[in-house]
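Dear colleague,

Please find below the structure that I am handing over to you. My notes on what was found in it follow directly after.

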Amino acid sequence: MTQPFTIATWNINSVRLRRGLVERFLAEHAPDILCLQEIKCQDDQFPAKAFARAGYEHVALHGQKAYHGVATLSKIPFSSVERRDFCGLGDARHVECTVDVNGSRIRVHNFYVPAGGDEPDPAINPKFAHKLKFLDEMRAITTETGAHDAALLVGDLNIAPLENDVWSHRQLLKVVSHTPVETETLEELRREAGWADLMRHHVPGDQKLFTWWSYRARDWAASNRGRRLDHIWGSEALRGALTSMNVLTEARGWEKPSDHVPVVARFAP
DNA sequence: ATGACGATCCCAGATCGA
């Protein structure tokens, strides 16, 4: 690469309600690509014109009514776009695009992994069974593209894999998002496909790192009971080019915030 | 640790998030 390249991921929890926050983020941080999750709208309701005015003329959409939905906004034209269905449910949880940056093609997967419900037992909780099945299918498709290409996999993976990805490892071991079956499966599929956990390349595993804080805390900052549910993974080709990683914690304090904050990664030539 | 919150939708209470 001869030019820097930046990518961001953000679970926006309704893009129509928080269009202004997205515009603010784009104006202040200007990533080349922004991957949104939980847009909670159909494709024809997505505020594409507003983002085009902000310089993001290209959008790869996979929306649905009321739930889930992902969108990838870009300043750079896409050379291809694909939307994959998982578990045969017709949920909008993935969109993949490729962009050409300085003569090399980068593949960008944008994921919204199922939350998994309350009870971490697939035998009694169909939502947890769905989450585990989703991870199995994710393993299969990302293995195709992870190791050898210039590729990124970002999004709300709804799993906090490391001990310091949650406010209390011990207290969350039986809480969905941090149970051993989830954390081990995610780490295994990541390594198997050759993805590097780029956030943890920048912030070592002995430090707490969160991207989500519950709406239900009286004071999210004071209690700081967060989790790292949002991720930026990169193939070997991009791992060495990472120059900075910024978790925009202050966005959790913006007016009418999402419960997730943006994460921005920058790559140098 | 669950949930005191918040979003969605035939508009209001059920369902989902994590």
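Glu137 is found in helix H3, which covers residues 126–145. Please keep in mind while reading that this is a predicted model. Is Glu137 buried, partly exposed or exposed? Its relative accessible area is 25%. Since buried means under 20% and exposed means over 50%, Glu137 counts as partly exposed. Leaving aside residues up to four places away in sequence, Glu137 touches Asp85, Phe86 and Cys87. Arg53, by contrast, is 84 residues from Glu137 along the chain, and the C-alpha atoms of the two are separated by 37 Å.

Strand E2 (residues 33–37) pairs with E4 in the antiparallel sense, over five bridges. Within that pairing, Leu34 has Leu73 of E4 as its bridge partner. Strand E1 (residues 5–11) is antiparallel to E14, and five bridges connect them; here Ala8 is bridged to Val264 of E14. Strand E13 (residues 242–247) also runs antiparallel to E14, again with five bridges, and Leu242 has Phe267 of E14 as its bridge partner.

Why is strand E14 described as largely enclosed by the rest of the structure? Strand E14 spans residues 263–267, and four of its five residues are buried, so the rest of the structure largely encloses it.

His68 sits in the loop between strand E3 (58–62) and strand E4 (70–74). His68 is buried, because its relative accessible area is 15%, and the limit for buried is under 20%. The side chain of His68 makes a polar contact of 3.3 Å with the side chain of Arg93. Not counting residues up to four places away in sequence, the residues that His68 touches are Glu38, Ile39, Lys40, Asp91, Ala92, Arg93 and Tyr112.

Tyr112 leads on to the DNA. There are 27 residues around DNA strand B, and those that come nearest are Ser14, Tyr112, Arg216, Arg218 and Arg225. Of the atoms of DNA strand B within 4 Å of the protein, 58% belong to sugar and phosphate. The residues of the surface near DNA strand B comprise twelve charged, eight nonpolar and seven polar.

Which parts of DNA strand B do individual residues approach?

- Phosphate: an N or O atom in the side chain of Gln171 is 3.4 Å from a phosphate oxygen of DNA strand B.
- Sugar or linking oxygen: a polar backbone atom of Tyr215 is 3.1 Å from such an oxygen of DNA strand B.
- Base: a polar side-chain atom of Arg225 lies 2.3 Å from a base nitrogen of DNA strand B.

Yours sincerely

Terms used:
Residues are numbered from 1 along each chain as its sequence is written. Chains are lettered from A and ligands numbered from 1 in the order in which they are written. This is a predicted model: local features need pLDDT of at least 70, side-chain atom pairs count only at pLDDT 80 or more; totals for chains, interfaces and linings use all residues. Side-chain values use heavy atoms; hydrogens and water are left out. Helices (H or I, at least four residues) and strands (E, at least two) are DSSP runs, numbered from the N terminus. Buried means under 20% relative accessible area, exposed over 50%, partly exposed in between (1.4 Å probe, protein chains only). A polar contact is a pair of N or O atoms within 3.5 Å; within protein, one must be able to donate a hydrogen and the other to accept it, and residues adjacent in sequence count only if both atoms are side-chain atoms. Contact means heavy atoms within 4.5 Å. A residue is near a molecule or strand if one of its heavy atoms lies within 4 Å of it. Ala, Val, Leu, Ile, Met, Phe, Trp, Tyr, Cys and Pro count as nonpolar, Asp, Glu, Lys and Arg as charged, and the others, Gly among them, as polar. Two strands pair if DSSP finds at least two bridges between them.
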